[in-house]
Amino acid sequence: MDISIIIPVYNEEENILLIYGDIKRVFSNLKKQFEIIFINDGSSDQGLAVLKNIQQTDRCIKIVCFDRNYGQTAALDAGFKEAKGEIILTIDADSQYDPLDLVRVLEELEHDEVDAVFGKRSNRSSGLIKSISSIIAVFIRNVVLNEFYQDASLGGYKKKSLQGLMLYKDTQVFIPAILRTQGLRIKEINVKEYPRKFGRSKYNLNNRLFTRLYTLFVIKWLKDNQLKYNISTVIRS
């Protein structure tokens, strides 16, 4: 398997066919073997039925179902563990990102000396509350961690770069910082964000910022207290 595309899904029944169709059109032209892994994160709508209908006619579709809603970090972690591809790509199910940008991520991973590539939004088309909360959260996170990246969920990884990755609740936005502490090479590329066609955002100021403050300082502690030492010599008998 060359590529695994992970798509967390939580109450996005109207967007599933859109993102699926766009990804199929883009990746079917690449002449690479790929799989699409939908993580049904305890959706209460008819999204699972939509996914099952798609799977009946497309063998490259894999569906991972949670028994309840666990959040995006859990969905990504399950996808990482299920993925068979040498390169793993991620994108949201809300169709606010263009799968063509996933191809650009893929090209960076194939031709550049990097371990992970993340999208950096060159524009913001979300609602006012989501945009403001995102800007505030990114600013505070970058000041505390001394980082300079955004949190677009569109990205990609070489599978080997995820072997030592341990994720915890609400840590998906800190994946670049965690990977950097492991000495991995990170790159950002500009991507576009489009307005939602269907559904509503699951994010607001509370769950984007306030509930992650504790996690932010845990990540800072881990980063600041990473073991660093040089061995001058080893004396053996």
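Before the structure itself, one definition: a helix crossing is right-handed if the near helix is turned clockwise from the far one by less than a right angle, and left-handed if it is turned anticlockwise. What I am showing is a predicted model.

Start with the helices. Two packed helices are described by the angle between their axes and the distance between the axes. Here the pair is α1, residues 13–27, and α4, residues 99–111. Their axes come within 9 Å and cross at roughly 45 degrees. By the definition I opened with, the crossing of α1 and α4 is right-handed.

Which residues make the contact of α1 with α4? On the α1 side they are Ile19, Asp22, Ile23, Val26 and Phe27. From α4 come Pro99, Leu100, Leu102 and Val103. By class, that contact has eight nonpolar residues, one charged and no polar.

Now the strands, with β6, residues 155–158, as the reference. In a regular strand the side chains alternate between the two faces of the sheet. In β6, Gly155 and Tyr157 point one way, while Gly156 and Lys158 point the other way.

What does β6 pair with? Strand β4, residues 87–90, runs antiparallel to β6 and is joined to it by four bridges. Strand β5, residues 116–121, is also antiparallel to β6, with three bridges. Take Gly156 in β6: Leu89 has it as bridge partner, and so does Val117.

Notes
Residues are numbered from 1 along each chain as its sequence is written. This is a predicted model: local features need pLDDT of at least 70, side-chain atom pairs count only at pLDDT 80 or more; totals for chains, interfaces and linings use all residues. Side-chain values use heavy atoms; hydrogens and water are left out. Axes are lines fitted to C-alpha atoms, for helices over the stretch in contact, and angles run from 0 to 180 degrees between N-to-C directions. Helices (H or I, at least four residues) and strands (E, at least two) are DSSP runs, numbered from the N terminus. Contact means heavy atoms within 4.5 Å. Ala, Val, Leu, Ile, Met, Phe, Trp, Tyr, Cys and Pro count as nonpolar, Asp, Glu, Lys and Arg as charged, and the others, Gly among them, as polar. Buried means under 20% relative accessible area, exposed over 50%, partly exposed in between (1.4 Å probe, protein chains only). Two strands pair if DSSP finds at least two bridges between them.
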